[in-house]
Amino acid sequence: MSDKSPVIVDLKFDPETVAKSLASAFPGREVINLADPATRGRDLSGISYAVVWKPDGDLFERAPDLKVIFSGGAGVDSILSIPSLPDIPIVRFVDHTLTTRMSEWVVLQCLTHLRQCFTYADMQAARQWEELAQPQASEITVGVMGLGVLGLDAVHKLKVMGFDVIGWSRTQKTIDSLETFDSAGLDAFLGRTDFLVGLLPLTPETEGFYNAGLFSRLRQGGALGKPVFINAGRGKSQVSGDIVAALEKGVLGGASLDVFEREPLETDSPLWGMKNVIVTPHAAASSDERALFRNVETQIAGFERGKALPDLVDRQRGY
Ligand code: NDP
Ligand code: OXD
């Protein structure tokens, strides 16, 4: 029997993929996968570590001796909202596999709107051969909200594609070759933005943030005529009704949405069928389970050697 503390796994991901990835994870350490019915009623006291995504509401009461909580994703809102959350370190999942996926999604959406793929798809369906006027990427200003791990990588890759990129974050940043704005510079930032990319965490400050008032301050009359809203942060930061209304009124010319106020998105939501709108099912940057377990293994090994934990959540800030 190993003297290493077991790891509790409570991930509301695809159970089969989790089980398969766990088969070779955490060598020499017992894993208690709560998705496995055999663990039902198991005593979780005395256990130091848990890897969680949307954990059970009573997990922290069942596991009162945890020393570190590892988030199964980059966002931690579903952990921070649990009333019985103990005051111990929470480590976010920060990994190139997740960051790369997010930047792929962001760049794909920006290129899809830039290259007017919806109009070309309609023309293809109508067997219509016609070339549209094509702005350069450099004529489009992409305003990235959130200059954290994901925002900064997306900024870099959008610049490689030739977009004019500006960034906005809670605190002022100085970043080479990037014009940045802080909270006080919101109006100036929005007034310059053609494609708004949301990569903000969900906090009390960002709840309901992407709303009619904000959309009305985006630049009108840019190279594609109307601004586009692209969000992969959190759905509760956006007001769906305001997005639909802004698209209908022409305040927005298009949208790409990976996250929604309620997930799964209701089957009768108008967003599914709207012109120039892409809906993806919170899949922009899903965590790769193997990479997650490797990452947690490394963090635990470092922690047990007395190393400081990286990527810690600041509860005061809420992310
Ligand atoms: P980070 O914590 O690294 O960065 C968060 C950024 O948001 C920081 O720049 C921060 O500002 C900024 N921010 C936070 N609150 C505010 C505010 N009130 N006003 C302005 N700026 C603010 O997070 P990540 O980049 O790793 O991830 C961002 C979010 O992406 C996650 O929290 C999660 O919700 C979402 N996500 C979605 C996924 C998907 O598949 N759809 C996958 C992974 C993550 P400052 O720099 O000043 O602190
Ligand atoms: C995350 C997510 O936060 O997948 O990692 O939403």
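Cys110 is buried, at 0% relative accessibility. Buried here means under 20% relative accessible area, exposed means over 50%, and partly exposed falls in between (1.4 Å probe, protein chains only). This is a predicted model: local features need pLDDT of at least 70, side-chain atom pairs count only at pLDDT 80 or more, and totals for chains, interfaces and linings use all residues. Residues are numbered from 1 along each chain as its sequence is written, chains are lettered from A and ligands numbered from 1 in the order in which they are written, and side-chain values use heavy atoms, with hydrogens and water left out.

Stay with the cysteines. The structure holds 0 disulfides. A disulfide would be a pair of cysteine sulfur atoms within 2.5 Å. Cys110 is in none, and its nearest cysteine sulfur, that of Cys117, is 12 Å away. Cys117 is likewise in no disulfide. Cys117 is partly exposed, with a relative accessible area of 37%.

Now turn to ligand 1. There are 29 residues around it, and Arg92, Thr171, Lys173, Asp258 and Tyr319 come nearest.

Where does ligand 1 lie relative to domain 1 and domain 2? It lies between them, because domain 1 (7–93 + 287–304) and domain 2 (96–279) both give residues to the shell around it. The domain bounds come from an automatic or database domain assignment.

Three side chains make polar contacts with ligand 1. A polar contact is a pair of N or O atoms within 3.5 Å; within protein, one must be able to donate a hydrogen and the other to accept it, and residues adjacent in sequence count only if both atoms are side-chain atoms. Arg92 places a side-chain N or O atom 2.8 Å from an oxygen atom of ligand 1. Asp258 has a polar side-chain atom 2.8 Å from a nitrogen atom of the ligand. For Tyr319, a polar side-chain atom sits 2.5 Å from a ligand oxygen atom. The protein covers 93% of the 940 Å² of accessible area that ligand 1 has on its own. Such areas come from the Shrake-Rupley method with a 1.4 Å probe; for residues, only the protein chains shown count as cover.

Two elements give two or more residues to this shell: helix 4 (96–114) and helix 6 (149–160). Helices (H or I, at least four residues) and strands (E, at least two) are DSSP runs, numbered from the N terminus. By class, the shell around ligand 1 has 15 nonpolar, 8 polar and 6 charged residues. Ala, Val, Leu, Ile, Met, Phe, Trp, Tyr, Cys and Pro count as nonpolar, Asp, Glu, Lys and Arg as charged, and the others, Gly among them, as polar.

Ligand 2 comes next. Which residues are around ligand 2? They are Trp53, Gly73, Ala74, Gly75, Leu98, Arg234, His282 and Ala285. By class, that is 4 nonpolar, 3 polar and 1 charged. The backbone takes part here. A polar backbone atom of Ala74 is 2.7 Å from an oxygen atom of ligand 2. Gly75 also has a polar backbone atom 2.7 Å from a ligand oxygen atom. Arg234 uses its side chain, with a polar atom 2.8 Å from an oxygen atom of ligand 2. The protein covers 87% of the 210 Å² of accessible area that ligand 2 has on its own.

His282 is found in the loop between strand 12 (277–279) and helix 10 (289–304). At 27% relative accessibility, His282 counts as partly exposed.

Arg127 also has a positive phi, about 55°, and is not a glycine. It lies in the loop between helix 5 (117–125) and strand 6 (141–145). Arg127 is exposed, at 79% relative accessibility.

One peptide bond deserves a look. The bond from Glu263 to Pro264 is cis, with omega near 0°. Pro264 lies in the loop between strand 11 (254–257) and strand 12.

Finish with Thr39. This residue is in the loop between strand 2 (31–33) and strand 3 (49–53). Thr39 is buried, with a relative accessible area of 12%. Its side chain reaches the backbone oxygen of Asp36 at 2.8 Å.

Technical notes
Near = heavy atom within 4 Å.
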